[in-house]
Amino acid sequence: MSPRPFAVNAKFSILPERREEFIKIIKEDQKQTLATESGARRFVVGEDAKESNTFYLHEEYISEEAFEAHSKTPHYPAWDNFAKSNPWAKGGELVAGFYHCTHEIGSKEEARAGYCLNAKLSIKPEQREEFLKTIKEGQKLTLSDEPGSIQFVVGEDKDSSNTFYLFEHYESEEAFHAHTKAPHIALWEGLVESKPWSEGGEPVAGFYKTLE
């Protein structure tokens, strides 16, 4: 099997008075990561579509080693120091999931505007293969048939088997809603009807608009 990318999805809420500081730091981190790190492939940051000061990250690297190298770059300490300064709103501490993607390593993608979702779910072991077959087919058809789709990432938690993460990126909220009406969504709906989730593993998704 060819090497697969390593990714992180994260969610957190920032104190309102730390908002501008955060945006300045994370945008610079995004800029420098994509400009200077050969192992970086994608760095997306956005704000919740409905909740102000709740943010999401999706970062993708060519390997887990490349992700670890990211934390040793000259531009990383600004984010690290910010995160250690207790900038989180009550109940909004950073929660992150680390995972190995199912797709092959691609070329680097520049930051793009759009509407995104991060999701986490856990599957019953006996329905693992059905889930993977369904989600990979949906991934393929979304990227090939939907002009408003930008990216569709699927991956499995680095430590917990059968826990999966999704990242989807569309040109606009309208493009995402068009996605939900695409013919191939019937494949996903059929899977959902089979109740494949492990106990407590129902999908949890966050929807967000990328920072401009």
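Start by selecting threonine 163, which sits in strand 7 (residues 163–170). Helices (H or I, at least four residues) and strands (E, at least two) are DSSP runs, numbered from the N terminus. A quick note before moving on: this is a predicted model, where local features need pLDDT of at least 70, side-chain atom pairs count only at pLDDT 80 or more, and totals for chains, interfaces and linings use all residues. Residues are numbered from 1 along each chain as its sequence is written, and side-chain values use heavy atoms, with hydrogens and water left out.

Is threonine 163 buried or exposed? Its relative accessibility is 10%, so threonine 163 counts as buried. (Buried means under 20% relative accessible area, exposed over 50%, and partly exposed in between, with a 1.4 Å probe and protein chains only.) Now show what surrounds it. Setting aside neighbours within four places in sequence, threonine 163 is in contact with Lys120, Leu121, Ser122, Gly155, Glu156 and Asp157; contact means heavy atoms within 4.5 Å.

Next, select threonine 134, over in helix 4. With 14% relative accessibility, threonine 134 is another one that counts as buried. Which residues does threonine 134 contact, leaving aside its neighbours within four places in sequence? They are Leu187, Trp188 and Leu191.

Select helix 4 (residues 128–145) and helix 6 (residues 185–193): their axes come within 9 Å and cross at roughly 160°. Axes here are lines fitted to C-alpha atoms, for helices over the stretch in contact, and angles run from 0 to 180 degrees between N-to-C directions. That angle makes helix 4 roughly antiparallel to helix 6 (angles under 35 degrees count as roughly parallel, over 145 as roughly antiparallel, 65 to 115 as roughly perpendicular and the rest as oblique). In the helix 4 side of the contact you'll find Glu130, Phe131, Thr134, Ile135, Glu137 and Leu141, which meet Leu187, Trp188 and Leu191 in helix 6. By class, this contact of helix 4 with helix 6 has 6 nonpolar, 1 polar and 2 charged residues. (Ala, Val, Leu, Ile, Met, Phe, Trp, Tyr, Cys and Pro count as nonpolar, Asp, Glu, Lys and Arg as charged, and the others, Gly among them, as polar.)

Follow the chain past helix 6 and click lysine 195, in the loop between helix 6 and strand 8 (204–210). Lysine 195 counts as exposed, at 61% relative accessibility.

Now jump to asparagine 86, in the loop between helix 3 and strand 4 (95–101). Here phi is near 55°, again positive in a residue other than glycine. Asparagine 86 is exposed, with a relative accessible area of 55%.

Last stop: helix 1 (residues 19–36) and helix 3 (residues 76–83), whose axes come within 9 Å and cross at roughly 145°. Glu21, Phe22, Ile25, Ile26 and Asp29 in helix 1 meet Ala78, Trp79 and Phe82 in helix 3. Sorted by class, that contact has 6 nonpolar, no polar and 2 charged residues. Finish by colouring Tyr76, Trp79 and Phe82, which are buried in helix 3.
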